[in-house]
Amino acid sequence: MARAKARPVADTAARPAASSTLLTPRQAAEKIGISYPALKHWILAGRIRTVKTPGGHHRVPIETLDAFLAPELSRSGGARISGRNQLLGTVVEVTIEGLLAKVVLAVGSQQVTAIITSDAARELALKKGDQAFALIKATEVMIARP
């Protein structure tokens, strides 16, 4: 059964949440993969429920974040991707320099090179010999004749 996407509302009443883990807005933003300013905007707009500390600081109950995660991420730990251009390949090179990483996949007899953030490369723990997908956005693919 498909889970309906809830739209939580703000709750600024200060009350103890003994059975709930409370996150700072920065921790909550990191957990759902958005920027801290975006999360603060959501809080102030009433899009996400928070609890205020006695000092007036917002805290986000961890279970509130489930509505902002894809159902697959919140339950199974894996994600489904809508993109159709998915090429399975083998990592042949990972070069991390500063903020960027170069990842080269061998897909059949061809190679696909991607420049991603170094944080993403570290999070994926990519290393030579691993299998990975190259996801290609269809509007960014060009075709040429030999």
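Which residues of helix α1 (residues 25–32) are buried? They are P25, A28, A29 and I32, where buried means under 20% relative accessible area, exposed over 50% and partly exposed in between, with a 1.4 Å probe and protein chains only. Seen down the axis of α1, these buried residues fall within an arc of 100°, so they line one face of the helix; the arc is that of the directions from the helix axis to the C-beta atoms. An α-helix has 3.6 residues a turn, so residues three or four places apart point the same way. The face of α1 turned away from the buried side carries the exposed residues R26 and E30.

This is a predicted model, in which local features need pLDDT of at least 70 and side-chain atom pairs count only at pLDDT 80 or more, while totals for chains, interfaces and linings use all residues. Residues are numbered from 1 along each chain as its sequence is written, and side-chain values use heavy atoms, with hydrogens and water left out.

The protein has 4 helices and 7 strands. Helices (H or I, at least four residues) and strands (E, at least two) are DSSP runs, numbered from the N terminus. From that end on, the elements run β-α-α-β-β-α-β-β-β-α-β. Buried residues make up 24% of the 146 residues. Of the contacts with a separation of 6 or more, 50% are between residues 24 or more positions apart, a contact being heavy atoms within 4.5 Å.

To return to α1, the cover over its buried residues includes β1 (22–23), α2 (36–45) and β3 (58–61). G33 follows α1 and has a positive phi, near 80°. The axes of α1 and α2 come within 9 Å and cross at roughly 110°. Axes are lines fitted to C-alpha atoms, for helices over the stretch in contact, and angles run from 0 to 180 degrees between N-to-C directions. The two helices are therefore roughly perpendicular to each other, the class for angles of 65 to 115 degrees; under 35 counts as roughly parallel, over 145 as roughly antiparallel and the rest as oblique. On the α1 side the contact is made by P25, R26, A28, A29 and I32, and on the α2 side by Y36, L39, K40, W42 and I43.

The strands β1, β3 and β2 form an open sheet in the order β1-β3-β2, with antiparallel pairing; two strands pair if DSSP finds at least two bridges between them. Here β1 and β2 (51–52) stand at the edges, each with a single partner strand, so one side of each is left without a neighbour in the sheet. β1 and β3 are joined by 2 bridges, and L23 has V60 of β3 as its bridge partner.

The other sheet to follow is open and has 4 strands, in the order β6-β5-β4-β7, again with antiparallel pairing. Its edges are β6 and β7 (131–135), each with a single partner strand, so one side of each is left without a neighbour in the sheet. Neighbouring strands of this sheet are turned by 45° against each other on average, direction ignored.

Within this sheet, β4 (residues 86–97) and β5 (residues 100–107) are joined by 7 bridges, and V91 stands opposite L105 in β5. They form a hairpin with 2 residues between them, and G98 in the turn has a positive phi of about 60°. From β5 to β6 (residues 110–117) there are 8 bridges. A101 stands opposite I116 in β6, and L105 has V112 of β6 as its bridge partner. This pair too forms a hairpin with 2 residues between the strands, and G108 in its turn has a positive phi of about 65°.
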